[in-house]
Amino acid sequence: DLLKAAGLFHMTRVSFDDYLTQIGVSGGGKISIGTSWWDAWYEGLLAYLMPLFDWVQNLILPSRGNLRREICESININNYNQNNGRLNGLAGLVSFLPSQGSVYSVFGGNGQLLSSAFQQANATHFRGCNKTIRHIESAVASVILSGDGIELITDKGDTEHFDIVVLATPLQQSQIHWSETPPDQLPSSTQRRYTQTITTIVSNGTLQSKYFHISNTSLPKAVSLTEKGKNEDAFSCLAELTDDGTFKVFSSESLTDNLLEKLFGTSYEVQYQKIWGGEFGGAYPDFAGGGDSSTSTPFLLYGDRYSGSAVYYANAMEASVAAMEISAIGAKAVSKLVARRLNLLA
């Protein structure tokens, strides 16, 4: 409903590749014109002739670029590790936001957001209550849902009783056992896999011009790859972080010593590696080209809409588009729903 109200829902129903075709960006393999027999015949003719047209252009202008593949796709692979055909239209556009203007980061890492939230909540809570908000460092293993409330059982066997629970992690990564599926029917997107992305930080490296077939004077500060390049070179993108040879590399699999030496010379050192993946992990949802797989989950997972015990889902929008900013929107939406349920908001 939120995306529909914002006029963005239709963009989650198509792939980013199809969306580029709809707005007139050339280079797509699929052209959609209409539904009549004439439209179908003309569409088929264009689909047949377009590869020939591209071949002639490449013959006349062999160095010409391809906006759709070399710019759009490389940006999407950099940000989501998915090509234009896997992203939906909305996720593809969100992927372009950090490509210009100022980009900000959280000092000390994104984990500071949670600790800051607890500090601010405690400061606000103290104004009207003498109790402290508790931070229990235990993993939730089971959730028992009933009309009398909600019981959370931790991995240590401890049990806590609550009226309202907010799940702020992807359902498919939570590893939580539910006493019943909340609710009876959930979108298929809650079962979708997440894409694996591996971040590797290298120090004391020197970008090797030989690997990229360019001169030392032309070495770039960053390299972004197309889908073809990613499959051939086994990494998605790399960027120079500091002038003293510190680089960040994104890839789908762990980088081999042989590849790292080809990229950064023999003196490199791997300082850090983070694997966003595994059975219960991943960096971003696999958007699967939009459609039903990009249907958002309800914010209210379990319970009556206005009263009684309830489970809310802060990651509900992540099936349609994923980013830190989207998580913030989801968190604010859930906090308002909870406040309204507790009669703290009109």
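**Entry 1: strand S14**

I looked up Val165 and found it opposite Val311 in S14. This is a predicted model, where local features need pLDDT of at least 70, side-chain atom pairs count only at pLDDT 80 or more, and totals for chains, interfaces and linings use all residues. Residues are numbered from 1 along each chain as its sequence is written, and side-chain values use heavy atoms, with hydrogens and water left out.

I noted the rules for the labels. Helices (H or I, at least four residues) and strands (E, at least two) are DSSP runs, numbered from the N terminus. Two strands pair if DSSP finds at least two bridges between them.

Strand S4 (residues 164-167) pairs with S14 in the parallel sense, over four bridges. Strand S13 (residues 300-302) pairs with S14 in the antiparallel sense, over two bridges. There I found Leu300 with Tyr312 as its bridge partner in S14.

Which way do the residues of S14 point? Ala310 and Tyr312 point one way from S14 (residues 310-313), and Val311 and Tyr313 point the other way. All of them are buried, meaning under 20% relative accessible area; exposed means over 50%, and partly exposed lies in between (1.4 Å probe, protein chains only).

**Entry 2: two open sheets**

Strands of a sheet pair through backbone hydrogen bonds, either parallel or antiparallel.

I traced a sheet of four strands next. This open sheet has the order S3-S2-S1-S5, and its pairing is mixed. Strand S3 (159-162) and strand S5 (177-178) are at the edges with a single partner strand each, so one side of each has no neighbour in the sheet. Inside the order, strand S1 (residues 140-146) and strand S2 (residues 149-154) pair in the antiparallel sense over six bridges. I picked out Val140, whose bridge partner in S2 is Thr154.

Then I traced five strands. They form an open sheet in the order S8-S9-S10-S7-S11, with antiparallel pairing. Strand S8 (222-224) and strand S11 (269-276) are the edge strands, and each pairs on one side only. From one strand to the next, the twist averages 15°. For such angles, axes are lines fitted to C-alpha atoms (for helices over the stretch in contact), and angles run from 0 to 180 degrees between N-to-C directions.

Strand S7 (residues 197-203) and strand S10 (residues 246-251) run antiparallel and are joined by five bridges. Ile201 stands opposite Lys248 in S10.

**Entry 3: helix H10**

Which residues of helix H10 are buried? In H10 (residues 257-264), they are Leu259, Leu260, Leu263 and Phe264. Seen down the axis of H10, these buried residues fall within an arc of 105°, so they line one face of the helix. The arc is that of the directions from the helix axis to the C-beta atoms. I recalled the general rule: an α-helix has 3.6 residues a turn, so residues three or four places apart point the same way.

I also asked what covers this face. The cover of the buried residues includes S7, helix H8 (209-212), helix H9 (227-233), strand S9 (237-242), S10 and S11. After H10 comes Gly265, with a positive phi near 85°.

**Entry 4: Asn76**

I found Asn76 in helix H4 (residues 67-80). Is Asn76 buried or exposed? Asn76 is buried, because its relative accessible area is 0%. Its side chain makes a polar contact with the side chain of Ser95, at 2.9 Å. A polar contact is a pair of N or O atoms within 3.5 Å; within protein, one must be able to donate a hydrogen and the other to accept it, and residues adjacent in sequence count only if both atoms are side-chain atoms.

I listed what Asn76 touches, not counting residues up to four places away in sequence; among them are Phe16, Leu87, Gly92 and Phe96. Contact means heavy atoms within 4.5 Å.

**Entry 5: Glu279 and Gln173**

Glu279 lies in the loop between S11 and strand S12 (284-285). Glu279 is exposed, because its relative accessibility is 71%. I then looked at Gln173, in helix H7 (residues 171-174). Gln173 counts as buried, at 18% relative accessibility. Glu279 and Gln173 are 106 residues apart in sequence, and 8.1 Å apart in space, C-alpha to C-alpha. Leaving aside neighbours within four places in sequence, Gln173 is in contact with Tyr194, Phe280, Gly281 and Gly282.
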